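Hello,

Please find the structure below.

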Amino acid sequence: MSRRFMQGSEAIAEAAIAAGCRFFAGYPMTPFTELLEHFAAKLPAEGGVCVNAESELEAIGMAWGAVATGARAATGSTGQGLSLMQESISELVRAELPLVLFNLARGQGDYYQATRGGGHGDYRHLVLAPVDLTEAVQLTQLAFDRAECWRNPVLVYGDYLLAHTAEAVAIEPVAFDPLPSKDWAVDGSRSGSGSPRNLNPIGMVPGKKGIEPERFWKRLQAKHEAMAAAEARWEAESTDDAELLVVAFGSVARFTRFAVRELRAEGARVGHFRPVTLWPFPSEALAEAARGVKRVAVLEQNAGQMIDDVRLALEGRVKVVAIGGISSDDAGFGVGPMLEPERIRARVGAALAGREVQP
Amino acid sequence: MSDEVLRSDRPPESGATRTGEFKPTLQLGTDHDLCAGCGEPLALRTILESIEELGLAQRTIGVIGIGCYTALTSLMDLDLIQALHGRAPSLATGAKRMLPDRLFFTLQGDGDMANEGLQEVIHAAARGENITCVLLNNGVFGETGGHMTATTVLGQRTKNTLEGRDATQHGYPIQMVDLLAPLGGTAYAARGSVHDASGVVKTKVMMRRAFETQMRGEGFSIVEILTMCPTGWFVPTAKGPGYLNEVLGAVHVTGEWKRDGRLLRGAEPEAPNEAKERGAV
């Protein structure tokens, strides 16, 4: 398939449609707005529907209804809008509905929101953090596949740079293994049958009084533990003889990976580790990559969030330092001065030399 | 009526907790989990019987809000989607857009629709979504034990308005059908009451008419049903229907408010046999 020069938002929308997404609902917000625009422009021609929802609360509600019918559906926003959707996300997990969510965020300050969430109760969902457009096209398709495989929402977490950078990219369809049939989806056909379906988040069964919440929630816990064991994804390079291991995710990892490659070419013993899934966090792979290193440096564009998962993964065996920090443009969209190859290289270089990096 | 209100917040002691020996085909049992004297099982029957009579049993999906009536889902022989409190109109919107030839109804209480989810139902109506929203209005949060909602009438005692709803403290009730009927996307709007047999029959006519409006693709429909909640009103079970009619019914006026896109503002619905002659969709 030929490559086209297009903005991240357009490529993600096309990848979603290629994966069979036929419903989208959203509410404009920078830098997510263009994703909504592209779905609005492209979905009708594919027999799909894009609704301009009056709020993020309604956007995720509409997508919830669409996905309950068995359709592939998605919604999204910027981190602020995702905040409004938290209640629904936690309930969609418990209702076991495979909704795909996009957070095209302002910087990386939504790591906790993405991986811990602000919803109620015990719930987990995959979080995929693409490093660039080519990977975003793949991970968008993967998101729909994994969502249906586990009957669980999946979040694709990108940022302003991913959404607004234009690159030459091909929408290559990814081949996945066949999925089980969606006999859980409601289409009205089982109404009047004596055994209808009730898609609910608390274990209600038609014809049966009462609920068994403990049994229901423990079953979900077991599912989430199986997801955690099966779905960790990461990229590690130059880790074998490294003294310093740099850990970064998303667009920021594109800068750190570039700096590490430059320094490695100059003979520095530095490696790079990038979680592709933020939940489940690839803890075992990181522990393996960090074996023998003197120091692990975490560069994230926030006050320090992923560093918690890095420390949990390494269990105190290696010194972990923060070399990133809050960095923003004047509008607050998270395109900060830190994101310059020279500055990133200087921060990695300082960590390599054992110097402290001021955030 | 108000002087007969018990100065008590204890639920009434006894009464029927069965939906009746006769049950609609789409009802899975005859026992319900709600209080004696509750009006919601009656309201449910008007929905289930209308679906059945219109021949839409294998094409219907309910989207259920959160309140006492959520427990009625165990009785419903229907494919269902459980929504969050207030969010049912959005879920029904997304599902209906994917399955436009099915009948979709939401089941919501006044706390669900008029408090938590007011913007949802207004936007769904304004968009002219081809769905039917059903409001079970008893003027209280029944499930929590009788607290004030946005439809509680002035003077009504609730657990957090013990001296009665006072406009200077708690504002005025919202009349949902009156609010939604004038919107451009609303094709059908009516308010019924299940306080007596005649009210139940008229409510069922409204329900059928709303479903027919939806299946003709004419836009949004709303049927509000006034239901008894003696527990939440702190009145004896047998006094529930009278209290509903005299106290809530005086403010939330029954009748058809919009039909075929024309505003009627509380007209009596035509006789049920006339409605039957219009035939199923």
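In chain B, 68% of the contacts with a separation of 6 or more are between residues 24 or more positions apart, a contact being heavy atoms within 4.5 Å. This is a predicted model, in which local features need pLDDT of at least 70 and side-chain atom pairs count only at pLDDT 80 or more, while totals for chains, interfaces and linings use all residues. Residues are numbered from 1 along each chain as its sequence is written, chains are lettered from A and ligands numbered from 1 in the order in which they are written, and side-chain values use heavy atoms, leaving out hydrogens and water.

Of the 281 residues in chain B, 60% are buried (under 20% relative accessible area, 1.4 Å probe, protein chains only).

The contact between the chains involves 40 residues from chain A and 35 residues from chain B. Together the two chains bury about 3000 Å², with 58% of it on carbon and sulfur atoms; buried area is the accessible area (1.4 Å probe) that two parts lose on being put together, summed over both. B:Asp79, B:Leu84 and B:Met98 supply 22% of the area that chain B buries against chain A, more than any other three residues.

There are 3 salt bridges between chain B and chain A (a side-chain nitrogen of Lys or Arg within 4 Å of a carboxyl oxygen of Asp or Glu). In one salt bridge, the side chains of B:Arg127 and A:Glu54 meet at 2.6 Å, N to O.

Regards

Definitions and conventions. Buried means under 20% relative accessible area, exposed over 50%, partly exposed in between (1.4 Å probe, protein chains only).
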